[in-house]
Amino acid sequence: MSLPHAILTALVEKPSSGLELTRRFDRSIGYFWSATHQQIYRELGKLETDGLIRALPGQQPARGQKKSYEVLPEGRAELARWTAAAQDPKPLRDTMLLRLRAAAVVGTTGVEADLRRHLELHERQLAEYEEIEERDFPPGKDSAEDRLRHLVLRAGIDLETFWTQWLRHALAEFAELPGEEPA
């Protein structure tokens, strides 16, 4: 249910075409809510059919031209309703954690190398988020919108910090495991 709301959010921020939305998902929203080009276009069609968005007036595109969308009052009301609704946190589902549990009973072959690979990936993502923070949120940029967007970015930074710390701890544990693997 959240992809339509992610699209509504992006369109309230700035009316856009499907291609522009895809690019914005790749550059920002996709860090915490990913969607493919096809998913975005499918949702745009549904949102338009549901009367939550419309193609910008006067832009009936000819073949090959992009159609830009804006949010209608009904779409803004839906986004506000969804934003205000209570939602429970989602339980953590992580394949690496499940693989570690399985390694306890079938052996650890290959797991340590993948932990190292995950650590490298999380370190890169953390560095990217920190660059975005430095570039996009200098001191004094403190409007309500900026503060909330920065809060979202901080969640990404804090999660990547958690994963890098946890992976370092896991690798330290691996270094202390006895040489025999469970059968």
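Salt bridges and a surface patch

Colleague: Where is Trp33 found?

Modeller: Trp33 sits in the loop between helix H2 (18-27) and helix H3 (37-49); helices (H or I, at least four residues) and strands (E, at least two) are DSSP runs, numbered from the N terminus. This is a predicted model, where local features need pLDDT of at least 70, side-chain atom pairs count only at pLDDT 80 or more, and totals for chains, interfaces and linings use all residues. Residues are numbered from 1 along each chain as its sequence is written, and side-chain values use heavy atoms, with hydrogens and water left out.

Colleague: Changing topic, how many salt bridges?

Modeller: The count is 15 salt bridges, each a side-chain nitrogen of Lys or Arg within 4 Å of a carboxyl oxygen of Asp or Glu.

Colleague: Which residue pairs with Arg99?

Modeller: Asp114, with the closest N and O atoms 2.5 Å apart. Asp114 lies in helix H6 (residues 111-136) and Arg99 in helix H5 (residues 95-106), so the pair ties together parts 15 residues apart in sequence. Asp114 is buried at 13%, and Arg99 is partly exposed at 30%.

Colleague: What about Arg154?

Modeller: Arg154 forms a salt bridge with Asp158, at 2.8 Å between the closest N and O atoms. Both lie in helix H7 (residues 144-176), four residues apart, about one turn of the helix.

Colleague: Which residues are linked in a network?

Modeller: Salt bridges link Glu13, Arg24, Glu145 and Arg149 in a network.

Terms used: Buried means under 20% relative accessible area, exposed over 50%, partly exposed in between (1.4 Å probe, protein chains only).
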